[in-house]
Amino acid sequence: MADAATIAKLEEGFKKLEAATDCKSRLKKYLSKSIFDSLKAKKTGLGATLLDVIQSGVENLDSGVGIYAPDAEAYSLFAPLFDPIIEDYHKGFKQTDKHPNKDFGDVNQFVNVDPDGKFVISTRVRCGRSLEGYPFNPCLTEAQYKEMEEKVSSTLSGLEGELKGTYYPLAGMTKEVQQKLIDDHFLFKEGDRFLQAANACRYWPVGRGIYHNDTDLLVWCNEEDHLRIISCRWVVIWARFTAGL
């Protein structure tokens with residue numbers, strides 16, 4: 001159960017949201033007083049509260065959405081708020097809907113769709129993944145950032161062949177390495193004001209880093225997702241990597 005100080009901050013934030021007549025966020029649209037009262041005292045198993053969910057939208061009244069999930073359980077515990085916002089944002093994806101079964105087909109059948117290089121300038125496939133047992137950025141501790149980075153970097157350092165590469169931690173990164181990653185358009189930056197208000201940028205740059213190899217495979221650690229896996233070549237590279245990880 002959320003403590004009294006957290007509930008007091010929530011009450012203050014709700015009043016601010018209620019009074020903001022020019023706010024058009026989905027948070028304001030769907031956080032009714034009855035829903036607020038039913039959720040304000042709840043806490044997930046990893047310690048996330050409704051304050052962690054809405055604090056960015058309360059701070060930034062010009063938000064389009066206004067909420068962040070602080071951990072996986074938040075989607076179900078705070079479902080009366082998340083479900084209508086998700087359905088609205090995705091234009092009809094209801095709580096009862098399900099994703100279709102995954103079918104990537106036969107990756108060995110992929111062909112070069114532009115063998116003469118006349119049309120395709122670049123190709124990028126990107127996916128985000130979360131590490132089980134950890135909250136998301138708004139609730140991660142400094143120790144958890146470090147622990148997750150160690151797990152990710154040690155796993156990636158074991159890759160061989162075309163996936164073999166180098167992990168670059170942001171903490172302690174030299175200016176020379178930083179400039180090279182910027183020139184190569186690989187380096188991510190600290191989050192924007194919406195993420196900062198959600199407490200998603202704490203302890204920066206601790207626990208963050210980038211892995212890449214010579215075939216333009218990138219893995220971002222703790223940028224916004226726990227993992228963001230990016231292939232700038234063909235889907236077959238990404239598919240092999242995710243299967244190996």
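## Pocket lining by residue class

Ala, Val, Leu, Ile, Met, Phe, Trp, Tyr, Cys and Pro count here as nonpolar, Asp, Glu, Lys and Arg as charged, and the others, Gly among them, as polar. On that scheme, the lining of the largest pocket in this predicted model consists of 14 nonpolar, nine polar and four charged residues.

## The largest pocket

The largest pocket holds about 760 Å³ of space. Its lining comprises 27 residues, and those nearest the pocket centre are I67, Y68, A69, Y75 and E224. Two or more lining residues come from each of α6, β1 (125–129) and α9. Helix α6 is the largest contributor, with four residues.

Both assigned domains take part in this lining: domain 1 (4–90) and domain 2 (125–243) each provide at least three residues.

## The second largest pocket

About 350 Å³ of space lies in the second largest pocket. The residues lining this pocket are Y75, S76, A79, D83, I86, H90, F93, K94, Q95, D97, K98 and H99. By class they split into four nonpolar, four polar and four charged.

## Helix α4

Helix α4 spans residues 50–59 and is largely enclosed by the rest of the structure, because nine of its ten residues are buried. The buried positions are L50, L51, D52, V53, I54, Q55, S56, G57 and V58. The set includes D52 and Q55, which count as charged and polar respectively.

The cover over these buried residues includes α1 (4–19), α2 (26–30), α3 (33–39), α6 (79–89) and α9 (193–197). Of these, α6 and α9 also contribute to the lining of the largest pocket.

## Nonpolar cores

The largest nonpolar core has 24 residues, and the members touching the most others are L31, L50, I54 and L81. Elements giving two or more residues to this core are α1, α3, α4, α5 and α6, with α4 giving the most, at five residues. L50 and I54 are also on the list of buried α4 residues.

Beyond its neighbours within four places in sequence, L31 is in contact with F14, L17, F36, I54 and L81. Another core lies apart from the largest one; this core has 17 residues, among them M148, Y211, C221 and L227.

How values were computed:
Residues numbered from 1 in each chain as written. Predicted model: local features only at pLDDT ≥ 70, side-chain atom pairs only at ≥ 80, totals over all residues. Heavy atoms only, no water. Buried < 20%, exposed > 50% of the residue type's maximum accessible area, 1.4 Å probe, protein only. Contact = heavy atoms within 4.5 Å. 1 Å grid on protein atoms, 1.4 Å probe; cavity = no way out; pocket = protein on both sides within 12 Å on 5 of 7 lines; lining within 4 Å. Points joined across faces, edges and corners; volume = space filled by probe spheres on them. Domains from an automatic or database assignment. Core = buried A, V, L, I, M, F, W, Y, C linked by side-chain atoms within 4.5 Å.
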